[in-house]
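Here is a short note for someone opening this structure for the first time. Please keep the sequence and the 3D view side by side while reading.

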Amino acid sequence: MKVVSTIKEVRDAVREWRKEGLTVGFVPTMGYLHEGHKSLIDKAVEENDRVVVSIFVNPTQFGPNEDLESYPRDLERDSSLCSDSGVNVIFTPQREEMYPEGFCTSINMTGLTENLCGKSRPVHFGGVCTVVTKLFNIVAPDKAYFGQKDAQQLAIIKRMVSDLNLNIEVVGCPIIREEDGLAKSSRNTYLSKEERRAAVILSKSLKLGLEAINSGERNSRNIIELIKGNIESEKLAKIDYVQIVDLLSMKDVETIEKPVLVAIAVYIGKTRLIDNFIFEI
Ligand code: AMP
């Protein structure tokens, strides 16, 4: 496995593989890899001849008061996870490699980006779309792997690939959880012991919502109230949003008649955590 930091090195490697007629899978990440990332990597290794993983804490997707500086980093541990998993190239660029002086282009998507996380993180998805497009152009993979954990991001990337006719298959992968149900996240490392215990309220509350839907409830407001009530029973939790949206448009639905995403964002102390489930009717 090679660890490279320039665009040229990635392109050179991919060019050689292409000469041999090999397929290329790609997993974009911000590093501090855990079993959630590993599930994407494993699928990419299974489905492609060669795999590139990018590790880049992308500054343009962080707002001014967010955790860009404190975001956890551990390239050594990430490298051994990738190497053990059969990754061929890790691309870990410096900021200047991705955003050289004078950089002034961005991808702007409306609609899908405006609800849910887009409301409390207004610059986030513009930054995600821009960096993912750049990475897609650098790696030029056949398939790219994204987690359902970031469901809105997955919907946005799928839409962007379709809208811009990018020749890449986007593969969505299920949420990997801790034993108690907490969705794995690099940000879980911010939680104190007490907060970590409290954080289980996200998945527990979603489970209640799912049970209500499974027993026939179709009124979004009732399900949202049920989920909110449960989250509020945890004193360390503060709700950012609890919403039920159409799976494709990310627009709120009043009554569940088509596949929906039930998505929540909750602060546990200062740490903002997200979780969700899809209900296919
Ligand atoms: P990040 O490093 O947080 O940008 O995540 C990189 C990729 O891993 C994204 O496509 C995430 O959706 C995915 N991912 C993160 N956590 C999980 C998880 N618990 N289960 C599945 N995929 C995940």
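The numbered points below cover the ligand site, salt bridges, some single residues and a surface patch.

1. Ground rules. This is a predicted model, in which local features need pLDDT of at least 70, side-chain atom pairs count only at pLDDT 80 or more, and totals for chains, interfaces and linings use all residues. Residues are numbered from 1 along each chain as its sequence is written, and side-chain values use heavy atoms, with hydrogens and water left out.

2. The ligand shell. There are 17 residues around the ligand. A residue counts as near when one of its heavy atoms lies within 4 Å of the molecule. His-37, Gly-147, Asp-150, Ile-176 and Lys-184 come nearest. By class, the shell holds 8 nonpolar, 6 polar and 3 charged residues. Here Ala, Val, Leu, Ile, Met, Phe, Trp, Tyr, Cys and Pro count as nonpolar; Asp, Glu, Lys and Arg are charged; the others, Gly among them, are polar.

3. Where the shell comes from. Strand E2 (24-29), helix H2 (35-47) and strand E5 (143-147) each supply at least two shell residues. H2 gives the most, with 3 residues. Helices (H or I, at least four residues) and strands (E, at least two) are DSSP runs, numbered from the N terminus.

4. The side chain of His-37 places an N or O atom 2.9 Å from a ligand oxygen. A polar backbone atom of Gly-147 is 2.9 Å from an oxygen atom of the ligand. Ile-176 uses a backbone N or O atom, 2.9 Å from a ligand nitrogen. Taken alone, the ligand exposes 490 Å², and the protein buries 92% of that. Accessible areas come from the Shrake-Rupley method with a 1.4 Å probe; for residues, only the protein chains shown count as cover.

5. How many salt bridges does a search of the whole structure find? The search finds 21. The criterion is a side-chain nitrogen of Lys or Arg within 4 Å of a carboxyl oxygen of Asp or Glu. In one of them, Arg-15 meets Asp-12 at 3.1 Å, N to O. Both lie in helix H1 (residues 7-19), 3 residues apart, about one turn of the helix. In another, Lys-38 pairs with Asp-42, with the closest N and O atoms 3.0 Å apart. Both of these lie in helix H2, 4 residues apart, again about one turn. Lys-38 is partly exposed because its relative accessibility is 28%. The cut-offs are under 20% relative accessible area for buried, over 50% for exposed, and partly exposed in between (1.4 Å probe, protein chains only). Asp-42, at 32%, is also partly exposed.

6. A longer-range bridge. Glu-194 forms a salt bridge with Lys-235, the closest N and O atoms being 3.7 Å apart. This pair links distant parts of the chain, 41 residues apart: Glu-194 is in helix H8 (residues 193-198), and Lys-235 is in the loop between helix H10 (220-232) and strand E7 (237-246). Salt bridges that share partners join Glu-194, Arg-197, Glu-234 and Lys-235 into one network. Glu-194 is partly exposed at 41%. Lys-235 is exposed at 67%.

7. Is Asp-275 buried or exposed? Asp-275 counts as buried because its relative accessibility is 3%. Asp-275 lies in strand E9 (residues 271-279). Its side chain makes a polar contact of 2.9 Å with that of Arg-177.

8. Two glycines to locate. Gly-25 sits in strand E2 and is buried, at 0% relative accessibility. Gly-216 is in the loop between helix H9 (201-214) and H10. Gly-216 is partly exposed, at 43%.

9. A nonpolar surface patch. Met-1, Val-3 and Leu-75 make a patch of about 250 Å². Patches are made of residues with over 30% relative accessible area and no salt bridge; like charges are joined within 9 Å, and nonpolar side chains (Val, Leu, Ile, Met, Phe, Trp, Tyr) within 5 Å. Leu-75 belongs to helix H3 (residues 75-85) and is partly exposed, at 39%.

Definitions and conventions:
A polar contact is a pair of N or O atoms within 3.5 Å; within protein, one must be able to donate a hydrogen and the other to accept it, and residues adjacent in sequence count only if both atoms are side-chain atoms.
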